[in-house]
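Thanks, everyone, for making the time this morning.

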Amino acid sequence: MSTLSQVHPMSRLSTGKVALFIILVSESVFFATLLVAYAALRDQSNWPMDHSLQRLTFPLINTAILILSSIPARNAIINIRAGKQTLSLTSMVVTLIVGLVFVAGQIYEFSHAGFHINDQAFGGVFFTLMGFHALHVFAGEVFLILNLTRTKLGDFSPQNYEAVELGTWFWYYVVGVWLVLFAALYLI
Amino acid sequence: MTTQAQAKLKTEPYALGDFLSWIMTVDHKRIGILYLITAFFFFLFGGIEAFLMRLQLAQPGNKVLSPDLYNQVFTMHGTTMIFLAVMPLAAGFGNYLVPLMIGARDMAFPKLNALSYWTYLFAGCFMYSSFFLGGAPNDGWFSYAPLTENLYSPTHGMDFWIMGILLLGFATTIGSINFIVTIIQLRAPGMTLTRMPAFVWAQFVTAFLAVFSIPSLTTAVLLLLLDRQMGAHFFNVAQGGSALLWQHLFWFFGHPEVYILILPAMGIVSEVIPVFSGKPLFAYAAVVYAMIAIGFLGFTVWAHHMFATGMPTTTLLFFAGDTFLISAPTGVLFFSWLATIWKGQLRFTTPMLFSLGFATMFLIGGLDGVHLAVVPMDWQLTDTYYVVSHIHYVLFGGAIFGIFSGIYYWFPKMAGRRLGETLGKWHFWFFFIGMNLVFMPMHILGLEGMPRRIYTYASGRGWEIWNLVETIGAGVIAIGVLIFIVNFFISISKKATNEEDAWDGFTLEWKTSSPPPAYNFAEIPSVRSRRPLWDEKHPDLADWKMEK
């Protein structure tokens with residue numbers, strides 16, 4: 001898509017990157033307000049999550065899985081820049097699969113949380129924060145699938161691969177948000 | 001303009017009856033016009049609701065509306081005017097004008113632009129369908145929890161409201177991202193940020209306000225939806241929730257929202273006053289900085305809507321002081337307009353009248369705002385008609401006057417013919433007198449303690465006369481609206497004159513034909529100052545020659 005990477009006379013920035021940046025800023029305000037709601041409600045209901053290592057083992061493993069998925073996400077850019085389309089494609093597939101493993105882990109975590117969304121305010125806070133993060137993981141997966149398809153169709157070249165970059169950046173963002181949520185919900 | 005482009009112009013844009021091309025359009029000008037027309041219809045709906053309320057309140061003990069219907073009507077009046085009328089009217093001008101003013105061929109993402117419009121239209125129809133599907137939302141436009149919880153609002157009205165707000169938030173967010181990206185990326189050569197028209201700056205700041213504030217509203221309504229539909233307890237104090245949480249989340253959006261509504265109108269006025277004063281905008285840089293300052297400060301004052309909730313004194317003082325602070329940049333805008341008018345060659349056309357009306361009425365509304373920022377006074381006046389008066393001086397006397405100024409000013413560009421000046425002036429005076437008849441007595445009623453949102457009142461409190469005057473004023477405004485509609489149809493039935501530059505304007509939209517071709521400019525203009533068209537018309541006095 002030439003329109004996305006087109007550089008305009010009065011601006012040296014790329015249109016796609018400016019747009020993604022503003023979307024992510026807006027998303028961040030959304031998560032920030034959810035976290036504010038969490039902070040406001042936390043003292044008002046008995047917070048049931050225990051911070052023992054036994055409880056934390058599984059979420060920690062899942063966190064590690066999501067962090068690791070950013071490596072193949074990055075390789076997708078490096079490979080397409082080097083003209084290695086097949087390797088780039090493989091990197092995206094790996095990211096996609098690791099992301100799905102994370103989601104499966106989240107579903108396991110949800111079903112073993114020991115409480116529901118309608119259990120006092122904390123139930124709502126926990127599942128809302130986690131749920132909206134999971135939705136963003138799905139959005140990242142959709143972005144990856146689009147990029148995968150376009151790589152297969154030969155849309156990208158070492159000169160023109162901006163959508164791959166945007167997809168990866170969005171993936172980084174999903175990982176970053178998870179780290180904040182993990183710290184807020186499990187560690188603090 | 002080349003003859004080729006002119007030939008294309010005759011065949012291409014705005015062929016009536018070609019509905020499909022309007023539905024499929026991704027042209028920013030057509031989307032802008034769709035926004036304006038749709039929003040005007042919602043403005044009429046909101047106006048009819050206001051008129052029904054005024055009829056109900058004309059005398060004590062009236063039975064025009066039932067109490068339940070009255071609640072639905074005032075909720076939908078507020079929701080309609082804010083989300084379905086004023087915001088999209090401003091978005092319509094933004095869509096039409098921003099690309100033209102910065103010398104671009106279209107918005108950065110034309111399809112996203114169309115998606116934004118159609119989402120808005122759907123959300124509006126969706127919300128209004130609730131009247132026929134078990135009752136409209138009835139908890140007021142700020143929908144305080146826990147009143148909005150299932151227990152107290154068992155109909156689906158609130159669910160319609162929540163889903164509608166989510167859709168509108170989505171539409172506004174993608175629209176705003178589109179504005180920001182367009183303004184950053186698509187400016188014509190030479191159109192630096194410091195040369196952008198004030199209206200474009202206003203839209204730019206507005207778009208940032210929307211992108212930063214709407215997520216807070218999204219969070220609030222999502223949590224409410226989870227409470228209502230999934231049994232969560234965010235706003236249920238008994239289960240560890242918080243009722244105040246709603247107010248904080250809502251007003252963190254709600255106050256920037258006020259500036260989302262008013263800044264585009266300020267931008268319009270900052271275009272109209274210079275042209276009809278024959279002078280450049282006084283202290284352009286100060287105006288731009290003031291708009292940015294209003295944008296920043298707008299995020300720091302939300303709790304002044306919550307003075308009566310029992311906050312700590314230091315919090316009260318902070319939010320009161322901060323609210324006073326906003327008067328400073330607003331004052332900068334005022335003095336800039338005054339200094340622009342000063343010793344200008346004034347032309348009192350209809351757009352100019354509406355802009356001057358904006359300035360005076362908004363000033364009254366702003367001063368009311370200062371009164372309400374004084375905490376003890378707010379404790380006395382909160383939830384009375386004083387607050388209703390304040391918001392209407394700001395949003396009717398302000399935003400709506402600014403928007404009508406824009407409609408009269410840019411109509412020749414959009415339609416290729418002017419709106420009638422005589423009827424236009426009648427429209428202005430009916431609006432100006434009508435609004436003061438409606439909203440000035442509300443100050444008195446507020447001071448006398450008449451609460452807002454009551455559907456009737458007992459006689460003998462001294463409220464009858466003012467309520468009657470207000471209802472008469474509402475009729476005067478309604479006549480003004482009818483005059484506008486008549487004027488519109490008379491003007492549109494006349495032969496098009498297609499003047500390029502109807503008002504001897506300064507900015508790039510007057511450089512192309514009226515209405516402009518789909519591609520806006522046959523040749524992308526290059527810009528050397530803040531008044532590119534003035535430079536072209538007066539090469540000896542060009543602005544860029546005066547600058548160092």
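In what order do the elements of chain A run from the N terminus on? They run α-α-α-α-α-α, and chain A accordingly has 6 helices and 0 strands, where helices (H or I, at least four residues) and strands (E, at least two) are DSSP runs numbered from the N terminus. Before going further, please keep in mind that this is a predicted model, in which local features need pLDDT of at least 70 and side-chain atom pairs count only at pLDDT 80 or more, while totals for chains, interfaces and linings use all residues. Residues are numbered from 1 along each chain as its sequence is written, and chains are lettered from A and ligands numbered from 1 in the order in which they are written.

Staying with chain A, its C-alpha atoms fill a box of roughly 55 × 35 × 20 Å along the principal axes. Of its 188 residues, 33% are buried, that is, they have 20 or more other C-beta atoms within 10 Å of their own, against 12 or fewer for exposed and anything in between for partly exposed, with C-beta atoms placed from the backbone. Among the contacts in chain A with a separation of 6 or more, 77% join residues 24 or more positions apart, a contact being a pair whose C-beta atoms, placed from the backbone, lie within 7 Å.

One residue gives an example. Leu166(A), in helix 6 (residues 162–187) of chain A, is buried, with 20 other C-beta atoms within 10 Å. Leaving aside neighbours within four places in sequence, Leu166(A) is in contact with Gly16(A) and Leu20(A), and its C-alpha lies 6.9 Å from that of Lys17(A), although the two are 149 residues apart in sequence.

Now to the two chains together. Here 29 residues of chain A are in contact with 30 residues of chain B, and on the chain A side the elements giving two or more residues are helix 2 (15–42) and helix 5 (120–152). The largest share, 14 residues, comes from helix 2 of chain A. By class, that side of chain A divides into 17 nonpolar, 12 polar and no charged residues, with Ala, Val, Leu, Ile, Met, Phe, Trp, Tyr, Cys and Pro counted as nonpolar, Asp, Glu, Lys and Arg as charged, and the others, Gly among them, as polar.

Which helix pair can we look at across the chains? The axes of helix 2 of chain A and helix 6 (residues 157–185) of chain B come within 10 Å and cross at roughly 140 degrees, the axes being lines fitted to C-alpha atoms over the stretch in contact, with angles from 0 to 180 degrees between N-to-C directions. That angle makes helix 2 of chain A oblique to helix 6 of chain B, since angles under 35 degrees count as roughly parallel, over 145 as roughly antiparallel, 65 to 115 as roughly perpendicular and the rest as oblique. In this contact, Thr15(A), Val18(A), Ala19(A), Ile22(A), Ile23(A) and Ser26(A) meet Thr173(B), Ile177(B), Ile180(B), Val181(B), Ile184(B) and Gln185(B), which divide into 8 nonpolar, 4 polar and no charged residues.

Within chain B, helix 10 (residues 313–341) and helix 11 (residues 350–373) pack at about 165 degrees with their axes 10 Å apart, which makes the pair roughly antiparallel.
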